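Grab the viewer and follow along.

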Amino acid sequence: IPFSLLMLLPIIFIFNQAFKPQSELFAYPPTFFVKHPTLDNFIELLRVISSSGVPFSRYLFNSLVITLIGVFLAILFTSLSAYALSKMKFKGKKFLFELNTIALMFVPVAVQIPRYIIVAKSGLIDTYAAHILPVITMPVAMFLVKQFVDQIPNDYIEAAKIDGASEMEIFFQIILPIIKPALATVGILAFQMIWNDTSTSTLFINDETKRTLAFFLSTLTGSANSVAGQGMAAAAGLILFLPNLILFIILQRKVMSTMAYSGLK
């Protein structure tokens, strides 16, 4: 219980920071809890948003479309590749898994330049595909799901094959229902990565109408020398954080489920 309370502190801070007036945001020593809550930060953020050349709804639409498609494809490709590497037999299987493991060592900044070259050479600059394609392959997620699939008894698959089931029928009707906890975790990881991403809009997108909400809010609140910008930054941070929190609350039961429980059920 004490450890869980410690983990809640950043969430509590985000909510308190968003409702602090300017005097409390710059108070010294800084305060953790807000003393005089106000909506001024949100009002100022809405005022700046309303004066933007591109409608706010356009940024929100871009983020929703990119995030939903990206999360779906990330879950689909991750689960398919994990099943293949875990249960199917083919040449190069061990090498591909080791290659995925090596990819875990590289942070996004390390592959930023080659990623840009690939996107530019593929003609994906200023397209939604530039947002989606680079993030649907997640080495961490693939490694996690493969470990879940490894725990599924081969007897299930052999029994299905005896009954005449194809590989895709085995995957969709047997494997997917069992690995739902792992897929829920992948969904959360993919959502957080795509929803909060600003680097793609900065590097690959020149058309303002194809940039995301996270990028738009970061440009409004990124001015370090603006006093009002700090309040807007706190409000924008809360707005971007809420979808992550809501998604985790919805899926937390599946995330917490163990593989043993899922298999027995």
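Asp-126 is partly exposed, with a relative accessible area of 23%. Keep in mind that this is a predicted model.

**Largest pocket**
- The largest pocket holds about 1100 Å³ of space.
- Its lining runs to 35 residues, and those nearest the centre are Arg-115, Pro-134, Thr-137, Met-138 and Pro-139.
- Two or more lining residues come from each of α4 (56-87), α5 (93-103), α6 (112-121), α8 (139-150), α11 and α12 (199-203).
- Which helix gives the most to this lining? That's α4, with five residues.
- Sorted by class, the lining of the largest pocket splits into 26 nonpolar, seven polar and two charged residues.

**Second largest pocket**
- Next comes the second largest pocket, with a volume of about 260 Å³.
- Lining this one are Met-7, Leu-8, Ile-11, Ile-188, Gln-192, Phe-241, Asn-244, Leu-245 and Phe-248.
- At least two lining residues each are supplied by α1 (2-18), α11 and α14 (227-256).
- α14 takes the largest share of that lining, with four residues.

**The cavity**
- How many cavities of 30 Å³ or more are there? The count is one.
- The volume of the largest cavity is about 50 Å³.
- Around the largest cavity sit Ile-66, His-131, Ile-194, Asp-197, Thr-198, Thr-200, Ser-201 and Thr-212.
- That lining is made up of two nonpolar, five polar and one charged residue.

**The α10/α11 pair**
- Helix α10 (residues 167-178) and helix α11 (residues 180-195) have axes that come within 5 Å and cross at roughly 70°.
- Angles from 65 to 115 degrees count as roughly perpendicular, so α10 and α11 are roughly perpendicular to each other.
- On the α10 side the contact uses Leu-176, Pro-177 and Ile-178, while α11 brings Lys-180, Pro-181 and Leu-183.
- The residues in this contact of α10 with α11 come out as five nonpolar, no polar and one charged.

**A buried asparagine**
- Asn-41 belongs to helix α3 (residues 40-50).
- Is Asn-41 buried or exposed? Its relative accessible area is 2%, and the cut-off for buried is under 20%, so Asn-41 is buried.
- Once neighbours within four places in sequence are set aside, Asn-41 is in contact with Gln-17, Ala-18, Phe-19, Lys-20, Gln-22, Leu-25, Gly-231, Met-232 and Ala-235.

- Tyr-28 and Pro-29 are joined by a cis peptide bond, with omega at about 0°.
- Pro-29 sits in the loop between α2 (22-25) and α3.
- Back to Asp-126: its phi is near 65°, which is a positive value in a residue other than glycine.
- Where is Asp-126? You'll find Asp-126 in the loop between α6 and α7 (128-132).

Technical notes: Residues are numbered from 1 along each chain as its sequence is written. This is a predicted model: local features need pLDDT of at least 70, side-chain atom pairs count only at pLDDT 80 or more; totals for chains, interfaces and linings use all residues. Side-chain values use heavy atoms; hydrogens and water are left out. On a 1 Å grid over the protein atoms alone, a cavity is a set of points where a 1.4 Å probe fits but cannot get out, and a pocket is an open set with protein on both sides within 12 Å along at least five of seven lines; lining residues have an atom within 4 Å of a point. Grid points are joined across faces, edges and corners, and a volume is the space filled by probe spheres set on the points. Ala, Val, Leu, Ile, Met, Phe, Trp, Tyr, Cys and Pro count as nonpolar, Asp, Glu, Lys and Arg as charged, and the others, Gly among them, as polar. Axes are lines fitted to C-alpha atoms, for helices over the stretch in contact, and angles run from 0 to 180 degrees between N-to-C directions. Angles under 35 degrees count as roughly parallel, over 145 as roughly antiparallel, 65 to 115 as roughly perpendicular and the rest as oblique. Contact means heavy atoms within 4.5 Å. Buried means under 20% relative accessible area, exposed over 50%, partly exposed in between (1.4 Å probe, protein chains only).
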